[in-house]
Amino acid sequence: MHVAILKAKIKGKVYTSAFLRRTYREGKKVKHETLGNLSHLGMDLIDVIRRTLKGEKFIPASAALKTTRNIPHGHVAAVLGLLRKIDLETMLAARPSRERDLAVAMIVARIIEPCSKLATARDFTGVLRNNSLGETLHLGECNENDLYAAMDWLVERQPQIEKKLAARHLVDGSVILYDISTVYYTGTHCDLARFCKGKERNEFPQIMFGLICNAAGCPVAVEVFPGRTPEADTLEKQLTKIRERFGIKRIIFVGDRGILTETSITEEMRGVAGLDWITALRAPAIRKLVDGGALQLSLFDERDMGEITSPDFPGERLVVCRNPFLAEQRAATRASLLRATEVLLDEVVVATQRKKSPLRGKDIIGVRVGKFINKYKVAKHFILTINEDSFAYARNQEKIAREAALDGFYVLRTSVKSACLDTAGVVSAYKGLSVVERAFRAIKTMDLLVRPIYHHLDHRVRSHIFICMLAYYVEWHMREVLAPVLFDEDDWPAAEAQRASVVAPAQRSPHTKRKVNTRHTDDGTPTSSFQALLKNLATICKNRTQVADGITMVAAVKTPASDTQRAPFEFDHLTVPTANQRKIFELLGVTLR
């Protein structure tokens, strides 16, 4: 039996018919007997009948195809695709090499799943891998020692890579933001690690690293310093790097008051052609301006910004800002710290008044008070009375009022001429340091998790920090293009229009407020955080499918077993992305493959 397909053209229209026929021989003649008309069944079913009669076997799809593994791939494709789109891969090295591939893999892994180098190596290959990164980059077998070798290779190339980044993102005469932060070290030995008082996690030694960004917050260079290094002492290296290595002669350097001190400005910046700066004064310097009459606080009852001059800062502009919101915040913080200190001091008062084993002795009472009085850094606001058998305290209202008078005030000092940058521009440039703080938060806590650091060798620690900076460089570019579907601001002109002045706190635009509150954009696209977006993309998997023996796959492409050590009848196919996932790849300008 067989299926006969007949076509007839009648009045210009083609008609197709299918018949089930039996063919037999009668003498020397071959005859056909029609057993049934199959035309009404549809061509798909007719094709199955035809192929079955030819001897092909058909079994249920669940028996023919078996998914043996799902490997998360979408987040890898997105991050790696954008990394290549912004040419970071070629910045690391123009020619392909295994070291470059491993360095790229560590940068991508730091974004999608930050973990130790041992865990990262396991993610690249073997049955324990949690993503397709190693397979996509064709890394093959690798271990943590291979990653360490790639880290050594990368840190040697750091000066050249930073020079390429600076050439792309910095121009002569541009604003350059610089800040420094600490990160605690949890290994057992490292010459860079030092114990520092008043830093995070005092039980661990600290490592410092400084970050150079352009005015938009894009990182271009990072430098690691030993813990306990004075912030001002890091300035010279950064200026040398910018002016000599990067070749940028005219810059406006923006740093906080701990970096651009009077000493550092006098010794390293003043009088250098093309080098201008913007920083802020410390509280004692502001108090001196008030006491000397150069700054009259009453002038700022009706306005929040203005310029003054002082003989203590010849040739410089002083920009005074008053932020009522900051004033309220500082007042509330001070009140909270005073109350917390009083709770501790009350314990000492009670100890001196108890009936059983009261606290006695001026020295002993003084030691107990010393443990508590400056825990919250407000000891100057208390008057203490310590006797042999008693202790009392009171708030120093005069000092509190004197400090409160400056709440909300801050003074910026700059060498930039008004023709180059007006008053609002100076304030805006200094407030740009907030984007560097945002970078520190992303590197240290939210996204890239630079801690814990276990590397013993100094150059490995430097390489680890550099990898985290490069990962943030990729993340920064991703956030820029994905802002419409993130909770991030994506309508800056409207956001700036919400502010009464540049001194006022930043406000979100109505559009951004709406998408944050509704969790959707105006066109109905879901919005999320950056990490939630990556998790959503990770649901796009490479589905490893095995074909049953004896089954013919017409469109299947067989993967050579020599390449991946898989069975010849095994192949991968991607999960069909949702509409939201397709939009993410469209915003990134990356093809999912």
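Biologist: Which residue of strand 2 is the bridge partner of Leu6?

Modeller: In strand 2, Leu6 has Ser17 as its bridge partner. The model is a predicted one.

Biologist: What makes strand 1 and strand 2 a pair?

Modeller: Two strands pair if there are at least two bridges between them. Strand 1 and strand 2, residues 13–26, are joined by nine bridges in the antiparallel sense, so they count as a pair. Helix 1, residues 43–53, packs on the sheet and touches both strand 1 and strand 2. The direction of helix 1 makes about 140° with that of strand 1.

Biologist: What is the order of the three strands in this open sheet, and which strands stand at the edges?

Modeller: The order is 1-2-3, with antiparallel pairing. Strand 1 (2–10) and strand 3 (29–37) stand at the edges. Each of these two has a single partner strand, so one side of each has no neighbour in the sheet. On average, neighbouring strands here are turned by 45° against each other, direction ignored.

Biologist: Why are strand 4 and strand 16 placed at the edges of their sheet?

Modeller: That open sheet has three strands in the order 4-15-16, paired antiparallel. Strand 4 (65–72) and strand 16 (570–574) have a single partner strand each, so one side of each is without a neighbour in the sheet. The twist from one strand to the next averages 25°.

Biologist: How do you know that strand 4 and strand 15 pair?

Modeller: The requirement is at least two bridges.

Biologist: Do strand 8 and strand 9 run parallel or antiparallel, and how many bridges join them?

Modeller: Strand 8 (residues 251–254) and strand 9 run parallel, with four bridges between them. Ile252 has Asp276 of strand 9 as its bridge partner.

Biologist: Why is strand 9 called largely enclosed?

Modeller: A residue is buried if its relative accessible area is under 20%. Five of the six residues of strand 9 (275–280) are buried, so the strand is largely enclosed by the rest of the structure.

Biologist: Why are helix 5 and helix 18 called roughly perpendicular?

Modeller: Helix 5 (residues 98–112) and helix 18 (residues 458–482) pack at about 70°, with their axes 9 Å apart. Angles of 65 to 115 degrees count as roughly perpendicular, and therefore this pair takes that name. Helix 5 passes helix 18 in a right-handed crossing. On the side of helix 5 the contact is made by Met106, Ile107, Arg110 and Ile111. The contact residues of helix 18 include His464, Ile467, Leu470 and Glu475. By class, the contact has eight nonpolar, one polar and two charged residues.

Biologist: What makes helix 6 and helix 8 roughly perpendicular?

Modeller: The axes of helix 6 (residues 117–124) and helix 8 cross at roughly 110° and come within 8 Å. The class runs from 65 to 115 degrees, so helix 6 and helix 8 are roughly perpendicular to each other. Among the contact residues are Leu118 and Phe124 of helix 6 and Leu147 and Tyr148 of helix 8. The class count for this contact is six nonpolar, one polar and two charged residues.

Biologist: Where is Pro452, and what kind of peptide bond joins it to Arg451?

Modeller: Pro452 lies in the loop between helix 17 (433–446) and helix 18. The bond joining Arg451 and Pro452 is cis, with omega about 0°.

Biologist: Why is Ala497 called exposed?

Modeller: Ala497 is in helix 19, residues 492–497. Its relative accessibility is 61%, and the cut-off is over 50%, so Ala497 counts as exposed.

Definitions and conventions. Residues numbered from 1 in each chain as written. Predicted model: local features only at pLDDT ≥ 70, side-chain atom pairs only at ≥ 80, totals over all residues. Heavy atoms only, no water. Axes fitted to C-alpha atoms, helices over the stretch in contact; angles between N-to-C directions. Contact = heavy atoms within 4.5 Å. Parallel < 35°, antiparallel > 145°, perpendicular 65-115°, else oblique. Left-handed = near helix turned anticlockwise from the far one by under 90°. Nonpolar A, V, L, I, M, F, W, Y, C, P; charged D, E, K, R; others polar. Buried < 20%, exposed > 50% of the residue type's maximum accessible area, 1.4 Å probe, protein only.
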